[in-house]
Amino acid sequence: MTKALPSVSRPATPGFATFEEPAHSLLIDGDGEPDFGALQTSEDFLALKRRVKRFILPATLLFLAWYVTFVLLSAYAADFMSTPLFGTVNVGLTMGFLQIVTTIIITMAYARYSKRKLDPQVDKVRALVETDEELA
């Protein structure tokens with residue numbers, strides 16, 4: 001009496017009884033160059049664009065509002081801007097100095113945001129088009 005062996009189901013993978021080209025997730029065209037059209041529509045790239053906009057848009061709008069306020073006050077509220085705060089330092093000088101401080105703060109915040117949120121996403125997008133030869 002013979003005993004039947006349990007059947008082992010193997011998925012049809014390239015190299016095992018198939019003649020199909022191996023599918024890869026790299027977005028590379030036939031010439032080995034990145035397929036930028038496909039890359040721009042990939043979910044990872046779209047997520048990167050959303051993350052960039054999530055910081056850039058509010059930061060830009062807030063800074064422009066702050067800057068326009070400073071300019072308008074300088075042009076139309078000269079009495080207010082010349083109000084002394086201490087010694088020869090007035091409101092206008094203080095607000096002008098705070099423009100520089102605001103620029104530095106936004107730059108530092110963007111650098112931190114980029115390192116924490118954007119760089120990992122950039123690595124994911126870059127992995128879509130890097131080949132093994134480029135990694136070496």
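**Charges, a nonpolar patch and stacked rings**

Arg126 is partly exposed, with a relative accessible area of 41%; by the cut-offs used here, buried means under 20% relative accessible area, exposed over 50%, and partly exposed in between, with a 1.4 Å probe and protein chains only. The structure is a predicted model, in which local features need pLDDT of at least 70, side-chain atom pairs count only at pLDDT 80 or more, and totals for chains, interfaces and linings use all residues. Residues are numbered from 1 along each chain as its sequence is written, and side-chain values use heavy atoms, with hydrogens and water left out.

Arg126 and Asp123 are separated by about one helical turn because they stand 3 residues apart in helix H4; helices are DSSP runs of H or I with at least four residues, numbered from the N terminus. Side chains of opposite charge can pair when their charged atoms come close.

In total, the structure holds 2 salt bridges. The other joins the side chains of Glu43 and Arg50, at 3.1 Å from N to O. Glu43 counts as exposed at 53% relative accessibility, whereas Arg50, at 42%, is partly exposed.

Positive charge also gathers on the surface, in a patch made by Arg54, Arg112, Arg116 and Lys117. Such patches are made of residues with over 30% relative accessible area and no salt bridge, like charges being joined within 9 Å and nonpolar side chains (Val, Leu, Ile, Met, Phe, Trp, Tyr) within 5 Å. Helix H4, spanning residues 91–127, supplies the largest share of the positive patch, with 3 residues.

Tyr67, Val68, Val71, Leu72 and Tyr76 make a nonpolar surface patch of about 520 Å², where accessible areas come from the Shrake-Rupley method with a 1.4 Å probe. Tyr67 is found in helix H2, which covers residues 43–76, and this tyrosine is partly exposed at 40% relative accessibility.

Aromatic rings complete the picture. A search of the whole structure finds 2 aromatic pairs; rings of Phe, Tyr and Trp (its six-membered ring) pair if their centres lie within 6.5 Å, and planes under 30 degrees apart count as stacked, over 60 as edge-to-face and the rest as tilted. Phe55 and Tyr110 form a tilted pair, 5.4 Å centre to centre with 50° between the planes. This pair links distant parts of the chain, with Phe55 in helix H2 and Tyr110 in helix H4, 55 residues apart. Phe55 is buried, with a relative accessible area of 16%, while Tyr110 is partly exposed at 31%.

Phe55 also forms a stacked pair with Tyr113, 5.1 Å centre to centre with 25° between the planes. Phe55 lies in helix H2 and Tyr113 in helix H4, so this pair ties together parts that are 58 residues apart in sequence. Tyr113 is buried, with a relative accessible area of 14%.

Key:
A salt bridge is a side-chain nitrogen of Lys or Arg within 4 Å of a carboxyl oxygen of Asp or Glu. Lys and Arg count as positive and Asp and Glu as negative; His and the chain ends are not counted. The place of a charge is taken as NZ of Lys, CZ of Arg, CG of Asp or CD of Glu. Helices (H or I, at least four residues) and strands (E, at least two) are DSSP runs, numbered from the N terminus.
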